[in-house]
Amino acid sequence: MPPKEQITSSMKSDVFGEISLKIEDLCVDFLLSGGDLRAVYHLDFELPAHKMTGLVGESGSGKTTLTSAILRSVSTPGEITQGKIFFENQDVLKLSDEKLRRFRWNEIAMVFQAAQNSLNPSMTIQEQFAETIMAHRKNISNKEMMEISRKLLKQVKLEPERILRSYPHELSGGMKQRVMIAFAQLLDPPVLLLDEPTTALDVITQDYIFTLIKQMHDQTHNTMLLSTHDIAIVARVCDYMAVMYGGRIVEMGDIFTMFESPLHPYTQMLIKAAPSLVGELKERVAIPGSAPDLMKHHEGCIFADRCPYCYDRCQSEEPKLKVVGEEHLAACHRADIGKEGR
Ligand SMILES: Nc1ncnc2c1ncn2[C@@H]1O[C@H](COP(=O)(O)OP(=O)(O)OP(=O)(O)O)[C@@H](O)[C@H]1O
Ligand code: NI
C-alpha cells in the first residue's frame with residue numbers, strides 16, 4: 001500500500017482553500033411518532049484542511065447530528081435523507097460497508113460526548129488499544145503497537161506504563177476522556193471530530209484537555225472539528241468557527257473575523273452571552289426567546305422571531321449561506337443591506 005500522503009487527494013474550496021470535507025445539501029431527519037424532525041436542514045459546509053474549526057450553537061442546534069452524519073452513524077431513529085458528503089472527492093454516503101469500516105478510524109475518527117463510557121470495563125487500556133489497532137492493521141508487530149500507544153498517551157500527558165495496565169474504573173473521568181482522545185488517533189486519521197469532548201468534566205479539567213488538544217494539533221496539523229457550547233474555548237484554540245442554529249450553519253469564518261465583525265445577529269448574541277468573553281457579569285446578555293421547533297416548517301429566516309433586526313423580507317424569504325467577506329460566510333439578509341439601498 002502506498003503511504004498515506006500519496007493516496008490523500010485534498011479538495012479545494014473557493015472560500016477556504018484546501019478542505020478535508022465538503023458537505024452539500026445535507027438533510028438528517030428523525031422520524032418520530034408525532035412527525036418528522038429535521039435536525040440538519042439542507043446544510044452546506046466545508047471543513048478547512050489542517051485547521052481547527054469550532055462548531056458552536058445552543059443545545060439542540062444539530063451539532064451532534066451533523067458530526068455523526070459525517071461518519072454515517074446518526075443515532076436511531078435518525079436518517080440521512082438527502083445530500084452528499086465528500087471526503088477526498090468520494091461521497092461518503094455511497095461507500096460500501098467494507099469501505100465505510102475502513103473510512104471510520106483510518107480516515108476520520110470521532111470522540112463523542114461522554115466517550116469515556118464506551119471503554120470496555122473488563123479490559124485493560126492496553127488490550128483495548130491492541131484490539132482496535134489489530135482490527136485495522138493486520139501485520140503490525142507487538143513492539144510497534146506498544147510504541148504507538150505510548151506515544152499517543154504521552155501526547156495527552158498520561159503516564160503510559162501505568163495507564164496501559166489499568167482498567168477503566170481505575171482512572172478518573174478526565175483521564176478516561178484523554179485516553180479516548182489518544183484512542184481516536186491510533187490509526188493516525190487525517191481528520192478528527194470531537195463532539196463536546198469535555199462534557200461532564202470539571203471546568204479546570206475541561207480547560208486542560210482543550211490545551212492538550214491544541215498542542216496535539218500543533219504537532220500533527222490534522223483537520224479537527226470541535227463542537228462545544230463554550231465559545232470562549234473556540235476563541236482560544238480554533239482557527240475557524242462555524243455557528244449552527246436550527247439545523248443550519250448560519251455563519252462561518254476565520255476566528256478573527258467571527259469575533260471582530262460577526263455578521264449574523266445570532267453570532268453577535270452568542271458572543272455577548274459568553275461568560276468568559278465578557279468581563280463584567282452584568283454586561284452578559286442572555287439570548288431571548290427559545291430554540292425553533294424543528295418539526296414545523298419555517299417560512300423565511302429560521303432566526304426571524306428572535307432577531308432584533310428582522311424586517312419583512314426575513315419573514316418571507318429564507319436567507320442562503322453566502323460569501324460576505326474573505327473566508328467569511330453568513331446566511332442573513334442584512335448582508336445585502338446597503339447594496340439594496342436600505
Ligand atoms: N435520538 C433522537 N431522537 C429524536 N430526536 C433527536 C435525537 N437525537 C437528536 N434529536 C433532535 O435533533 C435535534 C438536534 O439535536 P443534536 O443532539 O444534534 O443537537 P446538539 O447541537 O448536539 O445539542 P447539544 O448541545 O445538547 O448536544 C434536536 O431537536 C434533538 O431533539
Ligand atoms: Ni450534541
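Let's start at ligand 1, which has 16 residues around it in this predicted model. The ones that come nearest are Ala39, Ser59, Lys63, Thr64 and Thr65. Which elements give two or more residues to this shell? They are strand S2 (17-32), strand S3 (35-48) and helix H2. H2 gives the most, with three residues. If you sort the shell around ligand 1 by class, you get five nonpolar residues, 10 polar ones and one charged one.

H2 covers residues 63-70, and it lies across strand S4 (52-56), S7, S8, strand S9 (223-227) and strand S10 (240-245). Against S8, H2 runs at about 150 degrees.

That brings us to the sheet under discussion. It is an open sheet of eight strands, with the order S7-S8-S9-S4-S10-S11-S13-S12. The pairing in this sheet is mixed. Where are its edges? The edge strands are S7 (108-111) and S12 (322-325), and each of them pairs on one side only. Go from one strand to the next and the twist averages 20 degrees. For a look at one pair, take S7 and S8 (residues 191-195): they pair in the parallel sense, over four bridges. Within that pair, Val111 stands opposite Leu194 in S8.

Next, go back to S2, one of the strands that gives residues to the ligand shell. How does S2 pair with S1 (residues 11-13)? The two run in the antiparallel sense, with three bridges. S1 and S2 form a hairpin, and three residues sit between them. To find the pairing in the model, look for Met11, whose bridge partner in S2 is Ile19.

S2 also pairs with S3, again antiparallel, and here 10 bridges join the two strands. This is a hairpin too, with two residues between S2 and S3. One pair to look for is Phe30 and its bridge partner in S3, Leu37.

Then there is S5 (residues 78-87), which runs antiparallel to S2 and is joined to it by eight bridges. Cys27 has Gln82 as its bridge partner in S5, and Leu21 stands opposite Phe87 in S5. While you are in S2, have a look at Asp25, which lies in this strand. Asp25 has a positive phi of about 50 degrees, although it is not a glycine.

The hairpin has two residues between the strands, and in it Glu88 takes a positive phi near 50 degrees. The loop between H2 and S5 holds Pro77, and a cis peptide bond joins Thr76 to Pro77, with omega at about 5 degrees.

Let's turn to helices that pack on each other. Two packed helices are described by the angle between their axes and the distance between the axes. Take H4 (residues 125-136) and H5 (residues 142-155): their axes come within 10 Å and cross at roughly 115 degrees. The crossing of H4 and H5 is right-handed. Which residues meet there? From H4 they are Gln126, Phe129, Ala130 and Ile133, and from H5 they are Met145, Ile148 and Ser149. By class, this contact of H4 with H5 has five nonpolar residues, two polar ones and no charged ones.

The other helix pair to visit is H7 (residues 173-184) with H8 (residues 203-220). Their axes are 11 Å apart, and the helices pack at an angle of about 20 degrees. Angles under 35 degrees count as roughly parallel, so H7 is roughly parallel to H8. H7 passes H8 in a right-handed crossing. On the H7 side the contact is made by Gly174, Gln177, Arg178 and Ile181, and on the H8 side by Thr205, Ile209, Leu212 and Ile213. Sorted by class, the contact of H7 with H8 has four nonpolar, three polar and one charged residues.

Methods
Residues numbered from 1 in each chain as written. Chains lettered and ligands numbered in written order. Predicted model: local features only at pLDDT ≥ 70, side-chain atom pairs only at ≥ 80, totals over all residues. Axes fitted to C-alpha atoms, helices over the stretch in contact; angles between N-to-C directions. Parallel < 35°, antiparallel > 145°, perpendicular 65-115°, else oblique. Left-handed = near helix turned anticlockwise from the far one by under 90°. Contact = placed C-beta atoms within 7 Å. Nonpolar A, V, L, I, M, F, W, Y, C, P; charged D, E, K, R; others polar. Pairing = 2+ DSSP bridges. Near = placed C-beta within 6 Å.
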